[in-house]
Amino acid sequence: MVAVVAGAAALSAGVSIGASKKAAKAQITASNTATAAQERAAALALEAQKTGSAEAVAAAKEAAAIAQEAQKAANSQAQNLERVRLNEARSADEIAFKAAQAASDRGYDTAQDAYRTSYAGATAASDAGFDTALADATRGFDTALTDTNRGFDAGLAATELGYTTSRGDLEQAYQRQGEYQDPYIKSGLTAQQQIMQLMGLGGDATAANYGEYARNFGTEDFLKDPGYAFRMSEGLKGLDRSASARGGVLSGGALKGIQRFGQDLASQEFQNAFNRAQVERAARLNTLGGISSSGQSAANTMTNAAGGLGSNLVAAAVERARATSANSIGRGAATGSLAVNRGLTTGNIARDRGAVRSSNLLNLGEATAGIGLARGNTASTNALSLGASTKANDARYYGAVGGLELDRATNTANNAFYVSDAAQRGAANLANAASQSAYNVGNAQVGNAINTGNARTSGYAGTANAFNNALSQITGYAMQAPIDKAIMGYYNRKT
């Protein structure tokens with residue numbers, strides 16, 4: 001930007017220098033012509049003062065008129081030079097202003113594009129980071145949820161395995177206990193069936209002993225009594241021996257004795273036989289009853305074992321249900337916690353994304369405002385510089401034109417004074433006229449020299465002003481460039 005402004009200012013200065021030199025050369029030529037005319041008019045005025053003749057006075061007047069026209073031409077050339085300088089200075093200022101403004105606009109557009117590119121890149125990076133973080137959070141949630149479900153399934157399988165194993169162990173223990181108690185139950189059942197059969201209450205009704213203990217003790221039972229049969233046999237043997245001793249003849253007394261023996265034996269042994277039968281019956285029933293009681297005890301044991309098995313199975317089932325419920329509750333709690341964490345994580349990621357976008361927008365706005373303010377300051381500075389240059393050029397031009405008009409009036413008055421003085425004084429004032437003419441010639445020469453010097457100085461001053469204006473513009477932009485660069489660097493670092 002500085003190079004562009006410097007080039008435009010240098011071009012403007014070069015054009016101004018060329019035009020100013022041309023106009024200054026024309027002004028010097030006109031000034032020299034006016035000086036020569038002034039010298040001739042002074043010489044003729046001196047001649048008229050010496051002679052006092054009408055011809056000399058007329059010649060002096062004519063020379064004065066010619067000098068006046070030459071002075072007018074020189075004055076016009078000097079004014080033209082000032083106008084050329086003014087126009088060229090204005091043109092140079094306009095070119096420099098437009099170049100500076102264009103450079104400022106290009107810098108603003110470049111900076112704006114850079115900030116927009118930076119904002120787009122930052123926004124894209126923020127969006128990519130958000131998408132990645134969201135995908136990671138979702139993947140983590142899915143993984144944790146899968147692990148939770150896997151843990152629930154493993155816990156459920158372990159619970160089922162424990163329940164099945166416990167139930168199998170309980171059933172195996174019950175079966176083994178049944179095996180231990182089975183002989184007692186079977187023998188007890190057999191004894192119970194025998195008791196029922198002896199009592200005629202059940203069992204095989206065709207059996208020989210069916211209902212044996214349900215009948216009263218009778219003669220048949222008495223006669224089957226071993227004690228009675230033994231004693232009867234022994235008694236009869238004794239009687240036989242007694243009869244044999246008497247020659248084998250049974251007398252009436254012997255028969256009565258046998259009859260009495262049988263009656264007495266029956267009377268004596270019936271009670272004994274009954275008692276023995278009762279004792280034998282009780283012993284048998286007690287034995288069978290003991291066996292039956294053992295079977296009953298074994299049955300009671302198995303009943304209790306069955307009840308224990310049922311209770312244990314119920315407890316195992318309850319524990320299984322409790323473990324399953326705990327697993328389900330744990331899975332639900334874990335799933336809920338994961339969902340909450342996922343929601344919080346997603347919310348935090350979205351909040352951070354919004355904060356980054358907001359920060360990027362704020363930075364873009366600040367950068368845009370900063371470069372816009374810098375652009376406005378530059379435009380304002382350029383406009384102020386242009387206005388100041390224009391006012392300075394106008395003031396210098398009108399001051400120079402006013403000075404030229406004043407010099408022209410002075411020379412006109414001097415020329416009129418010389419001719420009038422020559423006509424009035426004539427020869428009497430020859431010495432004074434000569435002296436005054438020499439003075440006027442010197443004054444004219446000095447005035448022309450001053451005008452020529454002013455013209456040259458003004459030309460040089462215009463050239464210097466053009467260069468100064470260009471240098472001022474270049475210096476302003478050179479001073480502004482680091483500030484612009486610093487502002488752009490600051491916002492680049494911010495983004």
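Reader: Why is Gln 192 called partly exposed?
Author: This is a predicted model, so every value is computed from predicted coordinates. Gln 192 has a relative accessible area of 33%. Buried means under 20%, and exposed means over 50%. The value for Gln 192 falls in between, so the residue is called partly exposed.

Reader: Where is Gln 192 found, and what is its separation from Ser 292 in space?
Author: Gln 192 is in helix α2. Its C-alpha atom is 5.4 Å from that of Ser 292.

Reader: What makes Asn 275 partly exposed?
Author: Its relative accessible area is 36%. That is not under 20%, so Asn 275 is not buried. It is not over 50% either, so Asn 275 is not exposed. Partly exposed is therefore the label. Asn 275 belongs to helix α5, residues 252–425.

Reader: Which residues lie nearest the centre of the largest pocket?
Author: Glu 212, Tyr 213, Phe 217, Asp 221 and Ala 277 do. The lining has 18 residues. Its largest share, 8 residues, comes from α5. By type, the lining divides into 7 nonpolar, 2 polar and 9 charged residues. The pocket volume is about 520 Å³.

Reader: How do you know that the charged end of Arg 320 sits over the ring of Tyr 163?
Author: The distance to the ring centre is 4.6 Å. The cut-off is within 6 Å, together with an angle within 35 degrees of the ring normal. The distance passes, and the pair is listed as a charge over a ring. Arg 331 lies over the face of Phe 152 too, at 3.8 Å from the ring centre.

Reader: How many aromatic pairs are there?
Author: The count is 0. Ring centres must lie within 6.5 Å to pair.

Reader: How many helices and strands does the protein have?
Author: It has 6 helices and 0 strands. Of its 495 residues, 31% count as buried.

Reader: Which helix has the lowest mean pLDDT, and which the highest?
Author: Helix α6, residues 430–494, has the lowest, at 56. Helix α2, residues 54–198, has the highest, at 90. For the whole protein the mean is 79, and 71% of residues reach 70 or more. Where pLDDT is low, predicted coordinates should not be read in detail.

Definitions and conventions: Residues are numbered from 1 along each chain as its sequence is written. This is a predicted model: local features need pLDDT of at least 70, side-chain atom pairs count only at pLDDT 80 or more; totals for chains, interfaces and linings use all residues. Side-chain values use heavy atoms; hydrogens and water are left out. Helices (H or I, at least four residues) and strands (E, at least two) are DSSP runs, numbered from the N terminus. Buried means under 20% relative accessible area, exposed over 50%, partly exposed in between (1.4 Å probe, protein chains only). On a 1 Å grid over the protein atoms alone, a cavity is a set of points where a 1.4 Å probe fits but cannot get out, and a pocket is an open set with protein on both sides within 12 Å along at least five of seven lines; lining residues have an atom within 4 Å of a point. Grid points are joined across faces, edges and corners, and a volume is the space filled by probe spheres set on the points. Ala, Val, Leu, Ile, Met, Phe, Trp, Tyr, Cys and Pro count as nonpolar, Asp, Glu, Lys and Arg as charged, and the others, Gly among them, as polar. pLDDT is the predictor's confidence in each residue, from 0 to 100. Rings of Phe, Tyr and Trp (its six-membered ring) pair if their centres lie within 6.5 Å; planes under 30 degrees apart count as stacked, over 60 as edge-to-face and the rest as tilted.
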